[in-house]
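Please look through the sequence and the structure shown here before reading on. The paragraphs that follow begin with the whole chain and then turn to a few places within it.

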Amino acid sequence: MRRWKDAATLIIAAGSRSSQLAPFNYQVLMLKRSSKSKFMPNASVFPGGILDNADFSNKWLDIFKSAGINDFDDLTNVVHQPPAMKEYHNSLVPNEVAFRICAIRETFEESGILLARKMTDVQNQELKKDMLGYTVEYNVFGDPTSSETNFQALRWWQSKVDKDSSQFMAMCQEYNILPDIWSLSEWNNWLTPTEMLTVHGGRRYDTMFYICTINNIPDMAHCPREMVSAQWMSPNQAYENYRDQRIWLAPPQFYELSRVANFIALKDLHQFHHSRNDLGCDQWMPVFITCTNGKIEVLPGDDRYPITPDFEGTEKPLILDSTIEESVAVTAQHCCLVYDLYNAKLNMTVTPKFGHVRPSKPFLVQSIDIKSQL
């Protein structure tokens with residue numbers, strides 16, 4: 001029996017003119033989980049959550065058809081699909097559509113950001129999957145003259161959707177909008193490692209990571225039930241905040257921010273993530289090696305990654321009587337070296353697959369001296 005749930009998360013990069021961002025001209029949304037969260041408490045994460053049956057409702061097809069959308073070939077024609085995209089969900093809604101709906105719905109629940117397009121706009125234009133994301137302004141909720149009234153309506157719908165995922169569809173129908181699934185590109189697929197079976201109640205998730213680029217930072221209202229705060233920061237600011245222990249980044253967020261950091265300009269990030277969207281991605285499940293001074297999180301492509309990974313956690317973990325430095329002497333390296341919660345570095349000597357990019361400085365181990373080597 002499979003011991004994880006399907007989920008989707010969204011990296012949102014928004015243009016910003018703040019001089020404090022230099023050399024970047026955009027920021028990424030990070031939400032801080034509550035200390036009471038059942039999974040990854042206190043972590044700064046991208047918005048996202050568990051897939052719901054409502055995301056696969058065949059009624060979505062009727063809604064899209066009413067806007068003239070009869071197929072999703074531009075989203076489903078992918079060269080390499082990870083396992084999550086191949087699973088059968090007893091629905092006519094393609095997995096590539098349902099997972100995107102989930103990412104957009106969860107983003108709305110957790111941040112108040114609504115990535116959607118007005119039905120009339122969709123009907124009158126040719127949708128392309130390389131478009132910048134579009135966020136609906138709060139006046140869509142009814143009163144163009146009262147921001148306070150619209151904010152209250154937003155909060156009301158946030159609460160409804162949080163309690164019942166099917167209300168997201170109801171909201172879209174009420175205001176004649178469509179989830180902006182075309183602006184989301186597949187970025188990666190992470191499966192919670194088996195080491196998590198002993199913490200957080202054994203919760204594990206097979207999470208599709210998507211990315212979306214938008215012109216400006218939108219208005220938002222984070223969900224106080226799930227999140228303590230919301231922050232926009234450049235990739236390097238996120239690293240500095242992590243290094244200085246102002247935020248904690250879980251390994252997937254740490255790794256994906258390191259790849260986003262390759263792009264200084266929002267337009268370059270936008271062009272890149274759409275250019276490789278058809279190529280797909282692999283499923284990554286980190287495998288842990290415990291050393292005397294920390295842990296090595298080994299990823300696919302590394303010489304130490306098992307040919308047949310233990311997805312169920314039935315095998316004993318690998319524990320070495322040596323340091324991290326003494327254990328990294330392999331030709332092909334793709335791993336995260338974790339000395340403590342706030343001291344991690346990435347190491348990658350293999351070529352990224354499916355047209356992706358390597359991690360960038362300052363996240364790489366080569367970019368600074370490691371304390372244990374001093």
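Of the 374 residues of the protein, 57% count as buried, and it should be kept in mind throughout that the model is a predicted one. The secondary structure comprises 9 helices and 16 strands. The accessible surface of the protein amounts to about 16800 Å², and 49% of that surface belongs to carbon and sulfur atoms. When contacts between residues at least 6 apart in sequence are considered, 73% of them join residues at least 24 apart.

Two packed helices are described by the angle between their axes and the distance between the axes. Helix α1, which covers residues 59-66, packs with helix α6, which covers residues 167-174, at an angle of about 20°, and their axes lie 11 Å apart. Because angles under 35 degrees count as roughly parallel, α1 is described as roughly parallel to α6. In passing α6, α1 makes a left-handed crossing. On the α1 side the contact is made by Lys 59, Trp 60 and Ile 63, while α6 contributes Phe 168, Met 169, Cys 172 and Gln 173.

An α-helix has 3.6 residues a turn, so residues three or four places apart point the same way. The buried residues of α6 are Gln 167, Phe 168, Met 169, Met 171 and Cys 172. Just after α6, Asn 176 takes a positive phi of about 55°.

Another part of the chain to examine is strand β9, which runs over residues 227-233 and includes Met 233. Is Met 233 buried or exposed? Its relative accessibility is 3%, and because buried means under 20%, Met 233 counts as buried. Leaving aside the neighbours within four places in sequence, Met 233 is in contact with Gln 27, Val 28, Met 30, Ala 238, Asn 241 and Ile 247. Met 233 and Leu 21 are 212 residues apart in sequence, yet from C-alpha to C-alpha they are 7.9 Å apart in space.

Helix α8, made up of residues 251-260, is mostly covered, since 9 of its 10 residues are buried. The buried residues in α8 are Pro 252, Gln 253, Phe 254, Tyr 255, Glu 256, Leu 257, Ser 258, Arg 259 and Val 260.

Notes: Residues are numbered from 1 along each chain as its sequence is written. This is a predicted model: local features need pLDDT of at least 70, side-chain atom pairs count only at pLDDT 80 or more; totals for chains, interfaces and linings use all residues. Side-chain values use heavy atoms; hydrogens and water are left out. Buried means under 20% relative accessible area, exposed over 50%, partly exposed in between (1.4 Å probe, protein chains only). Helices (H or I, at least four residues) and strands (E, at least two) are DSSP runs, numbered from the N terminus. Contact means heavy atoms within 4.5 Å. Accessible areas come from the Shrake-Rupley method with a 1.4 Å probe; for residues, only the protein chains shown count as cover. Axes are lines fitted to C-alpha atoms, for helices over the stretch in contact, and angles run from 0 to 180 degrees between N-to-C directions. Angles under 35 degrees count as roughly parallel, over 145 as roughly antiparallel, 65 to 115 as roughly perpendicular and the rest as oblique. A crossing is left-handed if the near helix is turned anticlockwise from the far one by less than a right angle, and right-handed if clockwise.
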